[in-house]
Protein chains: 2
Amino acid sequence: MRTKPIPESAPETPRRAADRIRETAFDLFYREGIRAVGVEEIVSQAGVTKPSLYRAFESKDELIAAYLRDYDQRFRERFEAPGAEHPRDPKAHLLAYLDRLATRACHDDYRGCGLTNAVIEYPEREHPAHQVAVQSKQNLRERLREMCREMGARDPDELADGLLLLLEGSYVSGQAFGEGGPARMLGVMARRLIEASI
Amino acid sequence: MRTKPIPESAPETPRRAADRIRETAFDLFYREGIRAVGVEEIVSQAGVTKPSLYRAFESKDELIAAYLRDYDQRFRERFEAPGAEHPRDPKAHLLAYLDRLATRACHDDYRGCGLTNAVIEYPEREHPAHQVAVQSKQNLRERLREMCREMGARDPDELADGLLLLLEGSYVSGQAFGEGGPARMLGVMARRLIEASI
DNA sequence: TGACAATGTTACCGATCGGTACGTATTCTG
DNA sequence: CAGAATACGTACCGATCGGTAACATTGTCA
């Protein structure tokens, strides 16, 4: 056992080609858009070759779906993270997330929500990218409804939809306006809607 | 004079190739996405040939820019139209537009705002599509501020940004959720924000 | 009739797209 | 060490991308 090779404690670049592809694809798809990025660009930037990509993923569409599932997971983590600092206080939890989002969305190179962008890039309902992204959005809607119920809203579903509109609006307007865009008002507006609905 | 050929009183299809290309490109770009549509598809569906396209437009990018300028003009018309029914009442004017938008955005095949979609499809600031779309959004923001001033908001710029978030949120969530999506709450939420800000 | 502008026809260009057949390293196991 | 897996690279495929050259056809107006 003691002679067993250590499993590379700090691998600056992942050993496995599939992982490198997945990470590179994530960055490129998010920053430049999915349709704008070809598989050639992904593999070359990942330092691997095309057959490695197609051994790990059935097709580009499957790689896209994997990217969106990764994005969904990271989103959930970002969304739920403030909950640790505000246990049993869904309102503070949600507002903390929105405040952080507002800051990010007003940064100049903000590129919005990868899932929202995917719905727009792939409007066909049958496309895997569309399906994964829409499913994630439906989960988010349900989660918001749950939080609105917990914070004692008169009509939780209604408030959840209002907040969802503000949220999605921040995603897209962040890209269009950059620094000083309308997303800076996200916190103010969300608080106003919540106060008027409890 | 009487022998002069009548100028085709009801031309079901426009005579000029450039016009047909422009109209076909508008429909295809809007419904399927810009990057998803090739020039071949445009000319074949328009019933013309590729050289005709490139005689009227320098490049595909220029055709895209033309599409977005057309979209911007049609948007302005839709946005300003309710003003005729509500002269000197910017609040009623705006709410009338939002109510119509909410209805459209909850229809199942809604495809959002072509300008917003273009910003997402072309995130590079140098791209003509990006520039035309962003300029249109800045004009809209300024128009909203003007309306909020006229309706006597305490902080017109703040309210305008809040309404803009709801608006953009309706555009994108309409595509993701379709029938019964959050956009149905657009009118309620806009009224709530306005009432809390006057 | 003749000149002119607009459009169609056909065939093509280099570049890039997503995807693959096939051979070569590397590594784990006996 | 042998030998089977496992992981990867070289070189290539047909299709499509945006874009063009050269020429024929049409309708309009003088």
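Biologist: How many salt bridges are there between chain A and chain B?

Modeller: First, the ground rules: this is a predicted model, where local features need pLDDT of at least 70, side-chain atom pairs count only at pLDDT 80 or more, and totals for chains, interfaces and linings use all residues. Side-chain values use heavy atoms, with hydrogens and water left out, residues are numbered from 1 along each chain as its sequence is written, and chains are lettered from A and ligands numbered from 1 in the order written. A salt bridge here is a side-chain nitrogen of Lys or Arg within 4 Å of a carboxyl oxygen of Asp or Glu; B:R184 and A:D161 meet in one at 3.0 Å, N to O. Between the two chains, the count is 4.

Biologist: Which helix gives the largest share of the side of chain A that touches chain B?

Modeller: Helices are DSSP runs (H or I, at least four residues), numbered from the N terminus. Several of them, including α1 (17-32) and α7 (128-150), each supply at least two residues to that side. The largest share, 15 residues, comes from α8(A).

Biologist: What area is buried between chain A and chain B?

Modeller: That's the accessible area (1.4 Å probe) the two parts lose on being put together, summed over both. Carbon and sulfur atoms give 68% of it. In chain A, A:I120, A:L165 and A:F177 lose the most, together 18% of what that side buries. The total is about 3,800 Å².
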